[in-house]
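Good morning, and thank you for coming. I would like to go through one structure with you this morning, step by step. Please look at the display as I speak.

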Amino acid sequence: MYKETNIRELLHRYMEGESTQAEMKQLKEYFDGEQDLPVDLIPYAQMFAIIEEETPTPSTEALDKFSEEQVQETQRRLPLWPFIAAACIAAFAVILLAPPQQEEENMTIAYVEGKMLNDKQVAMQMGENALQEIFSNGNQEEQLSELFNEQ
Amino acid sequence: MKHLIITLALITATLPLSAQKGLRINEVFEGNIINEMAMHESLVKGESLEPFKLKVLHTVKFTTGNSARDKVEALFKEDMQGRLSDENDNLELEYRDGHLYYAIVQIADTKKGLHRYICYQCRQETGGNSITLVYMEGKASLADLRKTFKKK
């Protein structure tokens with residue numbers, strides 16, 4: 001038989017998380033066997049009724065197997081660093097290869113018979129001459145028309 | 001990775017002329033109809049064109065026979081289908097001897113709202129047909145361009 005004061009002391013240790021396995025066993029036995037419990041201890045009896053007598057402890061073999069599985073799982077995982085490296089290289093490539101907006105917007109190139117001329121003025125002049133030729137077409141007719149009208 | 005870098009570089013290089021892409025006359029600008037060695041080409045973009053209210057001016061000029069002339073004319077006429085209207089504000093053209101002599105055509109604006117024009121001229125000269133082809137885009141209206149480039 002367990003003394004009530006001793007049980008209360010064990011309960012206090014249990015609630016504080018200081019109980020040993022043996023003390024927990026004592027409490028379990030007490031609450032399982034005692035029929036005439038003080039009212040304030042009845043909730044504890046209900047609690048110990050659903051607590052298993054002993055927390056199952058994994059065997060050494062089971063622990064070894066678990067460790068092996070963890071190691072294999074880690075080895076199976078693909079390393080992340082190649083993907084991170086590839087993403088960084090791609091980002092740098094985009095930044096370095098894309099010319100600045102200002103440079104992209106300004107361009108003056110001339111090709112004469114397949115040869116590129118590094119002369120902005122020539123390129124500009126070629127463009128302007130082409131437009132002047134085309135836009136002056138109607139003008140020639142108007143001039144002729146005006147000439148005939150005058151006559 | 002190498003393929004990715006090359007692809008990115010190509011995309012970047014072709015961006016400036018993306019608005020011109022899709023036009024049939026691009027075949028001519030790219031040298032697919034007339035050998036590039038026989039062409040005079042100029043491409044101007046950006047600040048230099050600000051006085052003309054333009055952003056892009058691309059011209060090619062060459063002399064060729066009737067067969068190539070017909071091809072270029074046909075391509076230009078296909079692009080003319082996309083003209084804004086037949087109104088004088090958007091179109092100016094003249095035929096001589098059954099062929100297009102010159103044309104200035106405003107086509108649909110770019111996505112950024114810039115006006116786009118294609119121009120064609122074919123003059124008969126002793127060596128063949130002297131053809132000038134122009135693509136341009138910018139804020140300039142056809143009236144602005146006439147005012148700027150028409151010789152007085």
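Predicted model: local features only at pLDDT ≥ 70, side-chain atom pairs only at ≥ 80, totals over all residues.

You will find B:Lys53 in the loop between strand 1 and strand 2 (54-64) of chain B. Its backbone deserves attention as well: phi of B:Lys53 is near 60°, a positive value in a residue that is not glycine.

A second residue may be described in the same terms. B:Asp97 is not a glycine, yet its phi is positive, at about 55°. The loop that holds B:Asp97 lies between strand 3 (91-96) and strand 4 (99-107) of chain B. B:Asp97 has 6 C-beta neighbours inside 10 Å and therefore counts as exposed.

Let us now step back to chain B as a whole. Chain B contains four helices and six strands. Along the sequence, they follow the pattern α-α-β-β-α-β-β-β-β-α. Of the 152 residues in chain B, 34% are buried. Consider also the contacts in chain B with a separation of 6 or more: 56% of these are accounted for by residues 24 or more positions apart.

I turn next to chain A and its helices. Two packed helices are described by the angle between their axes and the distance between the axes. For helix 1 (residues 4-15) and helix 2 (residues 21-33) of chain A, the axes cross at roughly 125° and come within 10 Å. An angle in this range makes helix 1 and helix 2 of chain A oblique to each other, and helix 1 passes helix 2 in a left-handed crossing. Among the residues that make the contact are A:Leu10 and A:Tyr14 from helix 1 and A:Met24 and A:Leu27 from helix 2. By class, the residues of this contact are seven nonpolar, one polar and two charged.

Helix 2 of chain A also packs against helix 3 (residues 42-50) of chain A. Here the angle is about 110°, and the axes are 9 Å apart. Helix 2 and helix 3 of chain A are therefore roughly perpendicular to each other. The crossing of helix 2 with helix 3 is left-handed. Helix 2 contributes A:Leu27, A:Lys28 and A:Phe31 to the contact, while helix 3 contributes A:Tyr44, A:Ala45 and A:Phe48. Five of the residues in this contact are nonpolar, none is polar and one is charged.

Finally, how do the two chains meet? The contact takes 34 residues from chain A and 35 residues from chain B. On the side of chain A, the elements that give two or more residues are helix 5 (81-97), helix 6 (101-105), strand 1 (107-112), helix 7 (120-135) and helix 8 (137-150). Helix 7 of chain A supplies the largest share of that side, eleven residues. The side of chain A that touches chain B comprises 20 nonpolar, nine polar and five charged residues.

The strands also link the chains. Strand 1 of chain A and strand 1 (residues 40-45) of chain B run antiparallel and are joined by six bridges. Which residue of strand 1 of chain B is the bridge partner of A:Ala110? The partner is B:Ser42.

Technical notes
Residues numbered from 1 in each chain as written. Chains lettered and ligands numbered in written order. Contact = placed C-beta atoms within 7 Å. Nonpolar A, V, L, I, M, F, W, Y, C, P; charged D, E, K, R; others polar. Pairing = 2+ DSSP bridges. Axes fitted to C-alpha atoms, helices over the stretch in contact; angles between N-to-C directions. Parallel < 35°, antiparallel > 145°, perpendicular 65-115°, else oblique. Left-handed = near helix turned anticlockwise from the far one by under 90°. Buried ≥ 20, exposed ≤ 12 C-beta atoms within 10 Å, placed from the backbone.
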